[in-house]
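Here's a quick briefing to read with the structure open beside you. Take a look first, then work through the points below.

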Amino acid sequence: MENIFIFGHQNPDTDSIVSALILEKMEKEMGQNNVKAYRLGKINKETEYVLKHFDIAAPELLEEVKEWQKVMMVDHNEFNQSADGIEKARIKMVVDHHRLANFQTSEPLFYRAEPVGCTGTILYKMYKENGIEIEPTMAGLMASAIISDSLLFKSPTCTPEDEKACRELAEIAGLD
Ligand code: MN
Ligand code: MN
């Protein structure tokens, strides 16, 4: 079956890497097995620490997307922050918490955006909406993304929803 690539933005931060992995997991839980998370650049030190802590392998590097490639974008929507070739890809889904700009598609898509502080917070809500159980490892990854994006809840983009999600996730993950 044709694969669907999932990735966050270039110069990936923890939210971009972790959200791609979490969406891959969620899609598989829902029976969509032909999905695979990628990264569009080098893993930063913080993300390296998080992945190592939860014993999760980093996603493979994606250099470009070919014409008609099916993709799902997380943690971004702007084409100039995305993969080379994104203009001609088939965008099936976006899960994001940024302004909408420099974005268009040729086909209908699933688009989920909320003005919260982290994509991890939105994915957590989607897990709950779909009645999918969150494993401690996935919860730990989501909590890490929220802590990273919110600068430990100090960022002006951080909302009460992010704090609530992070507290619940830390409990599932068994973290302090
Ligand atoms: Mn980001
Ligand atoms: Mn983010």
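Which residues in H1 meet which residues in H4? Keep in mind that this is a predicted model. On the H1 side they are Thr14, Asp15, Val18, Ile22 and Lys25, and on the H4 side Met138, Leu141, Met142, Ser144, Ala145, Ser148 and Asp149.

**How the helices pack**

- Two packed helices are described by the angle between their axes and the distance between those axes.
- Here, the axes of H1 (residues 14-29) and H4 (residues 136-149) come within 9 Å and cross at roughly 150°.
- Angles over 145 degrees count as roughly antiparallel, so that is how H1 runs relative to H4.
- The crossing of H1 past H4 is left-handed.

**The metal site**

- The manganese ion (ligand 2) has Asp15 (OD), Asp75 (OD), His97 (NE2) and Asp149 (OD) as its protein donors, at 2.1 to 2.2 Å.
- If you want to find these donor residues in the sequence, their spacing is D-x59-D-x21-H-x51-D.
- Asp75 bridges this ion and the manganese ion (ligand 1), with 3.5 Å between the two.
- Asp15 sits in helix H1 and Asp75 in the loop between strand E4 (70-74) and strand E5 (90-96), so the pair ties together parts 60 residues apart in sequence.

**Buried or exposed?**

- Asp15 counts as buried because its relative accessibility is 0%.
- Asp75 is buried too, with a relative accessible area of 0%.

Notes. Residues numbered from 1 in each chain as written. Chains lettered and ligands numbered in written order. Predicted model: local features only at pLDDT ≥ 70, side-chain atom pairs only at ≥ 80, totals over all residues. Heavy atoms only, no water. Axes fitted to C-alpha atoms, helices over the stretch in contact; angles between N-to-C directions. Helix = DSSP H or I, 4+ residues; strand = E, 2+ residues; numbered from the N terminus. Parallel < 35°, antiparallel > 145°, perpendicular 65-115°, else oblique. Left-handed = near helix turned anticlockwise from the far one by under 90°. Contact = heavy atoms within 4.5 Å. Donors = N, O, S within 2.8 Å, 3.2 Å for Na, K, Ca; no water. Buried < 20%, exposed > 50% of the residue type's maximum accessible area, 1.4 Å probe, protein only.
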